[in-house]
Amino acid sequence: MSTTTTTTKPFTLYTGTTPNGHQASVLLEELRAVNPWIDYDVFKIVISTNVQKEPWFIRLNPNGRIPVLVDHSRNDFVVFETAAILLYLVQHYDKDHIFWFDPEKEPDYYSEMLQWIFFAHGGIGPMQGQSNHFKNAAPESIPYAKQRYLDETKRLYGVLEIRLKDRDWLVGPGRGKYSIADTKAFPWVRIHKYAGLETLDEWPAVKAWVERNQARPATQLGLQVPK
């Protein structure tokens with residue numbers, strides 16, 4: 001299979017119906033809401049078929065994971081890893097800093113944004129992903145693994161609760177502003193039930209934050225990708 005597609009749209013997003021995939025599509029839809037030039041084709045990856053391990057995909061992403069973004073407006077430049085995709089998109093296509101913070105004019109907020117992005121990328125995603133796996137997909141039941149990763153997911157939600165107790169968004173002055181730090185973390189927390197947490201009642205500020213994210217019209221569109 002070819003690693004390039006014939007398209008007149010600026011981007012192709014190789015993605016699936018996972019929290020990581022949704023991070024990229026949510027930001028693309030948020031960007032499109034303020035800049036109609038932003039448009040993209042979707043190449044649906046069904047990860048259960050292992051198509052992402054085929055040679056054509058490995059040429060796009062040697063790690064064999066989704067999502068992958070190809071920027072046709074910049075010589076088919078390829079970006080993989082969700083945090084890298086989010087940062088790439090805002091750095092190139094959000095010059096007004098609607099969804100991020102100016103590293104020169106707002107260096108502290110920019111640093112805090114990176115901190116929360118990396119917290120989600122290195123903490124919530126991997127730990128909740130393992131909780132999901134041992135609860136729903138492991139070939140045998142391993143109680144220790146189930147409890148360990150569930151407890152770690154709950155601990156990480158507790159960290160979010162501390163941050164969001166008096167805030168609407170993770171980063172920014174006052175109660176904060178919506179940014180890619182929220183885009184990075186929210187798609188994982190919204191599927192808390194799949195990890196074994198039936199409600200977010202233990203973390204009311206996190207619960208309100210999830211509802212706040214889900215109420216955004218562009219985010220709703222991004223969560224429907226791919227169809």
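Biologist: How many of the residues of helix 6 are buried?

Modeller: This is a predicted model, and the answer refers to that model. In it, 10 of the 10 residues of helix 6 are buried, so the helix is largely enclosed by the rest of the structure. The residues concerned are Ile180, Ala181, Asp182, Thr183, Lys184, Ala185, Phe186, Pro187, Trp188 and Val189.

Biologist: How should I read the packing of helix 6 against helix 3, and at what angle do their axes cross?

Modeller: Two packed helices are described by the angle between their axes and the distance between the axes. Here the axes of helix 3 (residues 82-93) and helix 6 (residues 180-189) come within 10 Å, and the crossing angle is roughly 150°. Angles over 145 degrees count as roughly antiparallel, and helix 3 and helix 6 are therefore roughly antiparallel to each other. The crossing of helix 3 past helix 6 is right-handed.

Biologist: Which residues make the contact?

Modeller: Helix 3 contributes Thr82, Ala83, Leu86, Leu87 and Val90, and helix 6 contributes Ile180, Thr183 and Lys184. Sorted by class, this contact of helix 3 with helix 6 holds five nonpolar, two polar and one charged residues.

Biologist: At what angle do the axes of helix 6 and helix 7 cross?

Modeller: The axes of helix 6 and helix 7 come within 10 Å and cross at roughly 105°. That angle makes helix 6 roughly perpendicular to helix 7. On the side of helix 6, the residues are Asp182, Ala185, Phe186 and Val189; they meet Val206, Trp209, Val210, Asn213 and Gln214 in helix 7. By class, the contact of helix 6 with helix 7 has six nonpolar, two polar and one charged residues.

Biologist: Which residues touch the most other members of the largest nonpolar core?

Modeller: In soluble globular proteins, nonpolar side chains tend to be buried together. In this model the largest nonpolar core has 54 residues, and those touching the most other members are Leu89, Met113, Leu160, Leu170, Ile180 and Trp209. Two or more residues each come from strand 1 (11-15), helix 1 (19-34), helix 3, helix 4 (107-136), helix 5 (143-164), helix 6 and helix 7 (204-214).

Biologist: What does Leu170 touch, leaving out residues up to four places away in sequence?

Modeller: Leu170 touches Trp116, Leu160, Arg163, Leu164, Ala181, Asp182, Ala185 and Trp209.

Biologist: Where is Asp76 found, and is Asp76 buried or partly exposed?

Modeller: Asp76 is in the loop between strand 3 and strand 4. Although Asp76 is not a glycine, its phi is positive, at about 55°. With a relative accessible area of 35%, Asp76 is partly exposed.

Biologist: What is the phi of His97?

Modeller: The phi of His97 is near 60°, a positive value in a residue other than glycine. His97 lies in the loop between helix 3 and helix 4. At 17% relative accessibility, His97 counts as buried.

Conventions: Residues are numbered from 1 along each chain as its sequence is written. This is a predicted model: local features need pLDDT of at least 70, side-chain atom pairs count only at pLDDT 80 or more; totals for chains, interfaces and linings use all residues. Side-chain values use heavy atoms; hydrogens and water are left out. Axes are lines fitted to C-alpha atoms, for helices over the stretch in contact, and angles run from 0 to 180 degrees between N-to-C directions. Helices (H or I, at least four residues) and strands (E, at least two) are DSSP runs, numbered from the N terminus. Angles under 35 degrees count as roughly parallel, over 145 as roughly antiparallel, 65 to 115 as roughly perpendicular and the rest as oblique. A crossing is left-handed if the near helix is turned anticlockwise from the far one by less than a right angle, and right-handed if clockwise. Contact means heavy atoms within 4.5 Å. Ala, Val, Leu, Ile, Met, Phe, Trp, Tyr, Cys and Pro count as nonpolar, Asp, Glu, Lys and Arg as charged, and the others, Gly among them, as polar. A nonpolar core is a set of buried Ala, Val, Leu, Ile, Met, Phe, Trp, Tyr and Cys residues joined through side-chain atoms within 4.5 Å. Buried means under 20% relative accessible area, exposed over 50%, partly exposed in between (1.4 Å probe, protein chains only).
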